[in-house]
Amino acid sequence: MPDQSSEFVTGTVLVADDEASNRELMTELLSLEGFDVIAVPDGVAAINELNKTHPDLILLDVLMPRMGGLEVCKRIKSNPETFLIPVILTTSLTDKQDRINGIQVGADDFLSRPIDRTELVARVRSLVRLKQRTDELERAEAVLFSLARSIEGKDPYTHGHCERLADYSAILGEALNLPAEQITALRRGGVVHDIGKIAVPDSILLKPSALSEAEWELVREHPALGERICAPLKSFRLVLPIIRHHHEKRDGSGYPDGLSRESIPLTARVLQIVDVYDALTTKRPYKKALTVAEALLMMKEEVSKGWWDPHIFNEFERLVRNGTVGVKSHGAIAGL
Ligand SMILES: [Fe+2]
């Protein structure tokens, strides 16, 4: 493993402190280490600056006029746009309660006053390095997502399919009490599950008539190929089974592995219920969109045939009927 301590790390640091001497000291110390520093005198100014400059780290004094550091930290950590930005709270060495409160609002680290130069630089460097690695990962995910969306974009009939799948399968996963990391995997899976279709020619994807056996064979390769495309990304570990198995059927007649019943991963069974529903309620070149009632009826028949998980389908039907899963603008005629 490379020696991380010798790695040169820079970035933008936002300092919020009401005492000018503290702001000056931290600005000087961090600037000497190559960081760009923006210093503000209170919490409201920190929030305003945060939205403008997107810093790599924020140093917050706990006691400040207008808005204290704990409230600023709470806002940063409860906003999906900013919660990955590391926050260091500066507190007096003796104030244990500040630290407990800080942990509760999601602070990443603490720094005791009086500020020790070496400690400040070490903590800032370490958290900025971590933040930049997370940014790299996010960029890799963003590439996969835009690739998936560009595949979807080739087919005007599936417009918005990825987003609906991400939303509906997360709602269904929550209703089934799946753990948070599986819900995240379902959201990602909703977007990228068909990414393997990159290898299927448009002439097949957009064909207005039935596919030949050879064409079907090509289509059936998309789950395994999609899994291979996403496999290098460690954060997609829980998404891979969803991608690979979203076309399996409970009776073993699906693809690519012919898995049956509970050997099909639970998250894949969740996504496929939503995927099938969305496909049925979407207009295609060779078929009209079914109404919600027609789609549910057809899926119920398919559950009886042994295709879909009955428990998951029942839960999904309940969510559709009580309006939790809505009908967005994808051609379906609402009405049960
Ligand atoms: Fe698929």
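D98 lies in helix α4 (residues 96-104); helices here are DSSP runs of H or I, at least four residues, numbered from the N terminus. This is a predicted model, in which local features need pLDDT of at least 70, side-chain atom pairs count only at pLDDT 80 or more, and totals for chains, interfaces and linings use all residues. Residues are numbered from 1 along each chain as its sequence is written, and side-chain values use heavy atoms, with hydrogens and water left out.

- D98 is buried, with a relative accessible area of 14%. Buried means under 20% relative accessible area, exposed means over 50%, and partly exposed is in between (1.4 Å probe, protein chains only).
- D98 touches V62, L70, T91 and F110, not counting residues up to four places away in sequence. Contact means heavy atoms within 4.5 Å.
- D98 and L127 are 29 residues apart along the chain, and their C-alpha atoms are separated by 20 Å.
- N22 belongs to helix α1 (residues 20-32). N22 is buried, at 17% relative accessible area.
- Beyond its neighbours within four places in sequence, N22 is in contact with D17 and R113.

**Iron site**

- Four residues coordinate the iron ion: D194 (OD), H222 (NE2), H246 (NE2) and H247 (NE2), at 2.1 to 2.2 Å. Donors are N, O and S atoms within 2.8 Å of the metal (3.2 Å for Na, K and Ca); water is not among the atoms, so sites may look incomplete.
- H222 lies in helix α10 (residues 222-230) and H246 in the loop between α11 (240-245) and α12 (266-280), so the pair ties together parts that are 24 residues apart in sequence.
- Along the chain, the donors follow the spacing D-x27-H-x23-H-H.
- The site is irregular, with angles of 84 to 177 degrees among its 4 donor atoms. Four donors count as tetrahedral if all angles lie between 85 and 135 degrees; four count as square planar and six as octahedral if opposite donors are over 155 degrees apart and all others between 65 and 115; anything else is irregular.
- H222 is buried, at 2% relative accessible area. H246 is buried, also at 2%.

**Aromatic pairs and charges over rings**

- The whole structure holds 3 aromatic pairs. Rings of Phe, Tyr and Trp (its six-membered ring) pair if their centres lie within 6.5 Å; planes under 30 degrees apart count as stacked, over 60 as edge-to-face and the rest as tilted.
- The ring centres of Y277 and F316 are 5.0 Å apart and the planes meet at 75 degrees, so this pair is edge-to-face.
- Y277 is in helix α12 and F316 in helix α14 (residues 310-321), so the pair links distant parts of the chain, 39 residues apart. Both Y277 and F316 are buried.
- W307 and W308 also form an edge-to-face pair, 5.8 Å centre to centre with 75 degrees between the planes.
- W307 is partly exposed, at 22% relative accessible area, whereas W308 is buried, at 7%.
- The charged end of K249 sits over the ring of W307, 3.8 Å from its centre. The charged end of K305 sits over the ring of W307 too, at 4.3 Å. A charge sits over a ring if NZ of Lys or CZ of Arg is within 6 Å of the ring centre and within 35 degrees of the ring normal.

**Nonpolar cores**

- The largest nonpolar core has 45 residues, and those with the most contacts inside it include I273, Y277 and F316. A nonpolar core is a set of buried Ala, Val, Leu, Ile, Met, Phe, Trp, Tyr and Cys residues joined through side-chain atoms within 4.5 Å.
- Helix α12 gives the most to this core, with 7 residues.

Note on methods
Helices (H or I, at least four residues) and strands (E, at least two) are DSSP runs, numbered from the N terminus.
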